[in-house]
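The following note sets out points for a colleague to check against the coordinates. Please read each point with the sequence and the model side by side.

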Amino acid sequence: MADTKKVPSGIPGLDDLIEGGFWPKSTVVILGSSGTGKSTFAIQFLMEGIEQGEQALYVTLEEPPEQIMREADLMGFDMRKYYEKSLFFIHLKGRNFKKMIEEQLPQLVKARADYNIATRVVIDPMTPVIWATAEKLEQRELIGKLFYTLKELGVVLCTVEEHAKPGETIGEDVLLPIYLSDGAVHLEYYPIGGAFNRTLKLLKMRGVHHGESVYPYLFARGVGIVVRSSPTHVPEEQTRSHGKIFDEAIKTAEAMKAPARVIERMRKMQRSWDYDYSPEEALQILFSSYGLKRGG
Ligand SMILES: Nc1ncnc2c1ncn2[C@@H]1O[C@H](COP(=O)(O)OP(=O)(O)OP(=O)(O)O)[C@@H](O)[C@H]1O
Ligand SMILES: [Mg+2]
């Protein structure tokens, strides 16, 4: 049955953690503070659908479509090619989200739903909707309605900016969208140097036996976020040999005349690598992302 087929996320590595993808007609929240990669995630998700012949609806509240496409371009995604062919924007300017969510959106969705085209929806960022009212009950109603309405079209992915205070794991203003969604992905960034200081965690994914670890991810131009999804357990004695793996990789990179900044990046990575699994695969991703072909 078409309705039980998973929707591939478009994020390399992620589908392995969520049994193949998202459920159709579900809502997924991407949480993270500024710069963690929420928009990158959202664009990747849309492009995956578009390239498979699906349609995409980008609900934007702050940035105009032109700016979004320009930024996507810089990340290596050509959204313009699909603009107003299979990629459509709804630019919710101004403050009247309530009217929009309660009246205009349901009409628009109904008109589209009749065509029965697989559609991916992104609301990026959804934070202004949360802040549109200080009243918790009204917030809940608005977000609930937004999800309920858009879900008719397909998977709804929305990004929520997080403002966690130090020591807090998750900010209070994001609890509501997490609670109301079917799935929640947490992106975190630890600015301590190194290429693998970003991590992804699945807070929930209804009806899915999801991965429960913390997964490092990196950015690759043209691909976006790449999640290191399968940490293999490495015994203690092998842990000590991580240094050797880095040393060899750096030597190889130098022999290949890799740019100094790439080598510096590897050194930083080595200094901050405290995972118990081998850095081998991560280094491999790094090599190929800089177009360096490594034998063996
Ligand atoms: N190819 C890349 N290589 C390294 N870093 C990248 C790459 N592409 C994006 N980034 C990083 O990702 C960040 C922006 O990602 P993105 O716009 O997806 O974040 P965001 O969570 O949506 O941020 P905001 O909350 O400000 O909207 C940039 O700050 C940049 O550091
Ligand atoms: Mg963003």
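1. Ligand 1 is surrounded by Ser33, Ser34, Gly35, Thr36, Gly37, Lys38, Ser39, Thr40, Arg198, Phe219 and Arg221; a residue is near a molecule if one of its heavy atoms lies within 4 Å of it. By class, this shell holds one nonpolar, seven polar and three charged residues. (Ala, Val, Leu, Ile, Met, Phe, Trp, Tyr, Cys and Pro count as nonpolar, Asp, Glu, Lys and Arg as charged, and the others, Gly among them, as polar.) Helix H1 (residues 38-51) gives the most to the shell, with three residues. Helices (H or I, at least four residues) and strands (E, at least two) are DSSP runs, numbered from the N terminus.

2. This is a predicted model, in which local features need pLDDT of at least 70 and side-chain atom pairs count only at pLDDT 80 or more, while totals for chains, interfaces and linings use all residues. Residues are numbered from 1 along each chain as its sequence is written, chains are lettered from A and ligands numbered from 1 in the order in which they are written, and side-chain values use heavy atoms, with hydrogens and water left out.

3. At Thr36, a polar backbone atom is 3.3 Å from an oxygen atom of the ligand. Ligand 1 taken alone exposes 640 Å², of which the protein buries 61%; accessible areas come from the Shrake-Rupley method with a 1.4 Å probe, and for residues only the protein chains shown count as cover.

4. Helix H9 (residues 260-272) has 13 residues, which at 1.5 Å a residue should span 18 Å; its end C-alpha atoms are 19 Å apart, in agreement. The expected span is 1.5 Å times one less than the number of residues. Val262, Ile263, Met266 and Met269 of H9 are buried. Seen down the axis, the buried residues of H9 fall within an arc of 115°, so they line one face of the helix; the arc is that of the directions from the helix axis to the C-beta atoms. Ala260, Arg261 and Arg271 are exposed on the face turned away from the buried side. Buried means under 20% relative accessible area, exposed over 50%, and partly exposed in between (1.4 Å probe, protein chains only).

5. Ile250, in helix H8 (residues 242-255), is buried, with a relative accessible area of 7%. The C-alpha atoms of Ile250 and Ile263 are separated by 6.3 Å, although these residues are 13 residues apart along the chain.

6. Thr119 belongs to strand E4 (residues 119-123) and, at 5% relative accessibility, counts as buried. Its side chain makes a polar contact with the side chain of Arg112 (3.4 Å). A polar contact is a pair of N or O atoms within 3.5 Å; within protein, one must be able to donate a hydrogen and the other to accept it, and residues adjacent in sequence count only if both atoms are side-chain atoms. The side chain of Thr119 also reaches the backbone oxygen of Ile117 at 2.9 Å.

7. Most residues other than glycine have a negative phi, and most peptide bonds are trans. The peptide bond from Asp124 to Pro125 is cis, with omega near -10°. Lys25 has a positive phi, near 50°, and is partly exposed at 36% relative accessibility. Glu84 also has a positive phi, of about 60°, and is exposed, with a relative accessible area of 54%.
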